Amino acid sequence: MHDDFAANLRLLCSYYRSIAEVCRRLDINRAQFNRYLSGRYKPASNTMRRICDFFGVEVHEILLPHDEFRSLVRLHPTPDGESPERAPSLGLPAALLEQGRQGMSRYLGCYHEYYLAMSRPGQVLCTLVCLERRGEDVLYQRTERMPPRAGGRHWHNRYQGVALLLTDRLFLADHESLNGHEMTQTILFPSFKSHVARLTGLKLGVADSSERMPCGVRVVYERIADTVSPRQALAQCGLYDLDDPALDPDIVAAIHNDIGPGEWHFRARYL
């Protein structure tokens with residue numbers, strides 16, 4: 001029996017309207033797909049690759065123990081019956097936290113975050129950021145999908161944080177939740193348009209390298225359409241060259257850190 005694989009596959013399918021839709025889009029016979037869902041059979045390697053490409057996961061990820069896989073993909077609200085997670089106090093006055101919760105509803109959802117990679121000079125890092133309301137607070141998860149290491153597998157960093165709107169600025173503060181070796185802060189300009197499409201600002205963090213140099217970079221948040229599943233959105237994350245045709249030139253220009261005559265730009269610095 002392939003119980004973890006079956007449970008992981010059922011979880012991925014839950015992001016779609018029906019199993020029938022998944023089978024139709026994958027062009028896989030429903031009866032055969034049901035065998036995978038039951039755990040009685042595991043797909044052949046070419047079919048497994050097709051399934052993983054569709055959902056935006058790696059083969060080794062879909063075979064993970066279900067609890068570990070669920071933690072990787074759970075980017076949306078807490079299931080019924082669980083106590084709502086509360087934002088950490090951050091040592092801030094309760095009145096300030098209450099003020100910061102106001103006006104955040106229009107910013108809820110998932111974004112692709114773009115900035116010049118702190119540990120890979122000359123490359124752009126795209127991450128997935130999902131903001132959701134938990135109880136009274138707005139919390140978020142930021143997920144980095146990094147290139148394969150020596151084992152040939154992608155690896156992920158996950159950050160948990162709280163978002164506040166204070167006097168026309170969005171403040172996001174988070175911590176790296178797997179190893180506990182980093183905190184970051186992002187300050188964004190709010191959007192005054194009827195539909196929030198892009199947000200720009202600055203990010204302060206530490207390069208994920210042996211030097212652990214503090215860095216500051218310009219950042220762009222691009223809203224992801226509701227029709228795109230979190231797994232598909234995560235599949236688009238990773239490192240890109242500056243001239244990669246997959247990147248919007250306007251985003252590349254917005255995150256560039258050069259200082260031009262008569263202008264002030266926040267330059268990424270490796271102190």
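## Disulfide, aromatic pairs and nonpolar cores

Cys 110 and Cys 130 are both buried, a term that denotes under 20% relative accessible area, with exposed set at over 50% and partly exposed in between (1.4 Å probe, protein chains only). The model is predicted, so local features need pLDDT of at least 70 and side-chain atom pairs count only at pLDDT 80 or more, while totals for chains, interfaces and linings use all residues. Residues are numbered from 1 along each chain as its sequence is written, and side-chain values use heavy atoms, without hydrogens and water.

**Cysteines.** Cys 110 and Cys 130 form a disulfide with their sulfur atoms 2.3 Å apart; the criterion is a pair of cysteine sulfur atoms within 2.5 Å. The torsion about their S-S bond is about 105 degrees, so the disulfide is right-handed. This pair links distant parts of the chain, with Cys 110 in strand S1 and Cys 130 in strand S2, 20 residues apart. Strands (E, at least two residues) and helices (H or I, at least four) are DSSP runs numbered from the N terminus. By contrast, Cys 13 is in no disulfide, and the nearest cysteine sulfur, that of Cys 23, is 7.3 Å away.

**Aromatic rings.** The structure holds five aromatic pairs. Rings of Phe, Tyr and Trp (its six-membered ring) pair if their centres lie within 6.5 Å; planes under 30 degrees apart count as stacked, over 60 as edge-to-face and the rest as tilted. Two of the pairs are tabulated here.

| Pair | Centre distance | Plane angle | Class |
|---|---|---|---|
| Phe 54 and Phe 55 | 4.9 Å | 75 degrees | edge-to-face |
| Tyr 111 and Tyr 221 | 5.8 Å | 55 degrees | tilted |

Tyr 111 lies in strand S1 (residues 109-116) and Tyr 221 in strand S8 (residues 214-223), 110 residues apart. Tyr 111 is buried at 1% relative accessibility, and Tyr 221 is buried at 2%.

**Nonpolar cores.** A nonpolar core is a set of buried Ala, Val, Leu, Ile, Met, Phe, Trp, Tyr and Cys residues joined through side-chain atoms within 4.5 Å. The largest has 25 residues, of which Met 104, Tyr 107, Leu 131, Leu 170, Leu 199 and Tyr 221 touch the most other members. Strands S1, S2, S3, S4, S5 and S8 each give two or more residues to this core, and the largest share, four residues, comes from S8. Apart from it lies another core of 24 residues, among them Tyr 16, Ile 28, Tyr 36 and Phe 55.
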